[in-house]
Amino acid sequence: MRIKQHPIIDDYGKGAQISFTLDGKPMVGYEGDSIAAALHAAGIMTHRYTAKRHTPRGVFCCIGRCTDCVMIVNGQPNVRTCITPLEEGMEVQTQYGVVNREQWEADHQ
Amino acid sequence: MMRHDLIVIGAGPAGLSAAIEAARLGMDVAVFDENARPGGQLFKQIHKFFGSKEHHAKERGFRIGEDLLADAEKLGVAVHLNATVMGIYEGREVLVKHEDETVHAKADAIIIATGAAENMIPFTGWDKPGVIGAGAAQALMNLQGVMPGKRILMVGSGNVGLVVSFQLLQAGCEVAAVIDAAPRIGGYGVHAAKVARTGVPFYTRHTVVEALGKDRVEGAVIAEVDDHFQPIPGTEKTLDVDTICIAVGLSPMSQLADTAGCDLVLDRKRGGTVPVIDEYGETSVPNVYCAGDAAGIEEASTAMILGRISAIRAAEKAGFLGAAEFTARADEYAASLSKLRRGMFAPQNKGRTDMTETDEGYPLSKSLLAHGFLEPNEVSAFPCATVHEVGVHPVIECTQNIPCNPCQDACRFGCITVGDDIVKLPVIDETKRCTGCGMCVASCSGQAIFLVDEAYEPGYASVGIPYEFVPVPKAGARGHALNRAGAPICDAEVVSVKYTKAMDKTVLLTMKVPAEFASEARFYRD
Ligand SMILES: Cc1cc2nc3c(=O)[nH]c(=O)nc-3n(C[C@H](O)[C@H](O)[C@H](O)COP(=O)(O)OP(=O)(O)OC[C@H]3O[C@@H](n4cnc5c(N)ncnc54)[C@H](O)[C@@H]3O)c2cc1C
Ligand code: SF4
Ligand code: SF4
Ligand code: FES
């Protein structure tokens, strides 16, 4: 959820609304959002599933250090979404190991 | 290869201050920071800082950051962002990863000001989405404008845990509890008290044992711990939360000092493994310095001075500053630093549990350390908290020796004195007339000052409180007064709401309560 009114911060410096997709589904965010912030605002917590134990991971450090938040962005895996600015038309995919879901399922038939 | 007089690694308060100082002395400085924005921790800090005027007290952290950046820009300091320094090698050469490129740079001196990393504790389910670091909570709510969660468990009661808990409340989140494995709250009592009076419970001697939920946090199990910090079976409690926020301490980031070959030492009072440094921050490798949290976990206020001290030393060695001028400045900065490094939370007192009195000889509140609020009988030991002048007057519930004095500067009428030793508790001069202007309330970094008029109306008292939440209740609103523990104690009517620009977003909310609650009513809720 977005903070609608804050006692100290007047302005988060957000710009126009932006459209992007998550696993093909249409989503919206704002200019100035990180990818992770836009997802968090929409209630999306799982960014990836680990390769070995297949457990979910989401934002942990939010400063680009822990790599828990990596996703596939415009086809590129391992993008740290907490420090990557959201852009119009971005295709964001949940990362399974280092691939997307279809690939993962195909590999794990 | 880029060549400079000075390379500063890290654009937090320590690094920026160092760069500014050096640039003023004519040095050619390059700053590298791995972040996309400069400022280090400062832009996440929306609360008013402690210290005195020379340390930017009562300014909010992000404003201090803005000021430092403006100074750096004026002086033409080159701040390279998204530039991670990977290592420091022979001859003070650094390897920098800048976006996808790797560049080399060299300088006559290097200041490592890389700050600290957050500690983590293991528990079942700690890696679930919804378990986040305190820094992540701050980045989401204070930089991105997104609530980290709806209902949060805060693990850790140091200043970071306390400050972030308050910020979560300001962002509109609920804080289910603040827990700490230690038997006492680690941060400033005033920071704990402003969280406790909103009704947030504190559990000391407790730890988190499990994050519940399938794909995300859907609850937290906490338990009491024994003297060896082990959970005691049968004491588990389940809290209904969707987020677990971890604030269990910071560790200095000394890796770069290690790559440079600096001697390191494990020093718990400084927060972990740190380079061995002299009084100017110079490490065992000549002309390589370390300043700020990277050299020992402290505060932004100290980090700024430490950065400057290392910078003048580097400037002197390189011939940009004469010996006499260097000595004069070094003495001035050392004096400024020593004002801050005093009191029960000073680095040299870290981990001490044997203090029972303030410097003035008043008994320290046990309840404040265990539950985050003063018990009424404890308040009565402090003269500044028990004034009963006629008419409106300040009541100051600042009961620990912390380095802070904005309350003194705030009062133009001389009602409040802290004195030269800024860790002393404020003293109220009852012979000076208080006008009820509210500047002390708004200036107090600890939100520990209230304005009370015991005889506001027959049978009623008025209590003015610092209020930093939205929406701000309007005059005429009716609700409840809460006590220091956050429990509703009586009906209350808001009689005035005062806010001026000089109060910098701290509202003076004055409520009318039955006279017998004048010394208990400390928060308002509709
Ligand atoms: C919640 C909270 C509340 C606080 N409240 C207060 C307060 O009220 N008053 C107060 O005085 N202090 C407060 N502090 C403490 C204060 O923020 C820190 O002590 C201060 O920021 C330390 O400054 P620094 O410059 O040493 O490090 P930082 O501010 O951490 O800056 C270090 C910088 O170095 C960069 N960096 C790290 N590694 C590299 C690398 N390899 N290459 C390039 N760049 C790198 C980082 O990106 C970062 O920008 C608070 C801190 C927190 C978390
Ligand atoms: S309310 Fe104003 S006059 Fe009264 S003590 Fe505070 S600053 Fe001084
Ligand atoms: S009362 Fe004064 S010394 Fe105490 S926290 Fe407030 S401003 Fe600082
Ligand atoms: S949340 Fe840690 S790298 Fe993004």
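This is a predicted model: local features need pLDDT of at least 70, side-chain atom pairs count only at pLDDT 80 or more; totals for chains, interfaces and linings use all residues.
Turning to the fold of chain B, we find 12 helices and 28 strands. For 526 residues, a compact globule would have a radius of gyration near 24 Å, and chain B agrees with this because its own value is 24 Å. Its C-alpha trace spans about 75 × 60 × 40 Å along the principal axes, and 56% of its residues count as buried. If we take the contacts in chain B between residues at least 6 apart in sequence, 62% of them join residues at least 24 apart. The accessible surface of this chain comes to about 20600 Å², with 52% of that belonging to carbon and sulfur atoms.

Helix α7 of chain B runs over residues 300–317, and at 1.5 Å a residue its 18 residues should span 26 Å, which agrees with the 26 Å between its end C-alpha atoms. Of those 18 residues in α7(B), 15 are buried, so the helix is largely enclosed by the rest of the structure. After α7(B) comes B:G319, which has a positive phi, near 85°.

The other helix is α5 of chain B, residues 189–196, where 8 of the 8 residues are buried; among them are B:H191 and B:K194. Against what do these buried residues of α5(B) pack? They pack against α4 (159–170), β11 (202–204) and α9 (366–371) of chain B.

I would also like to point out two loop residues. B:G40 sits in the loop between β2 (29–32) and α2 (61–74) of chain B, and it counts as partly exposed because its relative accessibility is 37%. Setting aside neighbours within four places in sequence, B:G40 is in contact with B:A11 and B:G12, whereas B:D429, 389 residues from B:G40 in sequence, is 40 Å from it in space, C-alpha to C-alpha.

B:Q348, for its part, lies in the loop between α8 (323–340) and α9 of chain B, and at 43% relative accessibility B:Q348 is likewise partly exposed. Not counting residues up to four places away in sequence, B:Q348 touches B:K269, B:R341 and B:R342. The C-alpha atoms of B:Q348 and B:R270 are separated by 8.9 Å, although these residues are 78 apart along the chain.

Finally, chain A. It contains 2 helices and 8 strands, arranged along the sequence as β-β-α-β-β-β-β-β-β-α. The radius of gyration of chain A is 14 Å, close to the 13 Å that the globule rule gives for 109 residues, so chain A is as compact as a globular protein of that length. The C-alpha trace of chain A spans about 50 × 25 × 20 Å along its principal axes, and buried residues make up 50% of the chain.

Methods:
Residues are numbered from 1 along each chain as its sequence is written. Chains are lettered from A and ligands numbered from 1 in the order in which they are written. Side-chain values use heavy atoms; hydrogens and water are left out. Helices (H or I, at least four residues) and strands (E, at least two) are DSSP runs, numbered from the N terminus. The radius of gyration is taken over C-alpha atoms; the globule rule is 2.2 Å times the number of residues to the power 0.38. Buried means under 20% relative accessible area, exposed over 50%, partly exposed in between (1.4 Å probe, protein chains only). The expected span of a helix is 1.5 Å times one less than its number of residues. Contact means heavy atoms within 4.5 Å. Accessible areas come from the Shrake-Rupley method with a 1.4 Å probe; for residues, only the protein chains shown count as cover.
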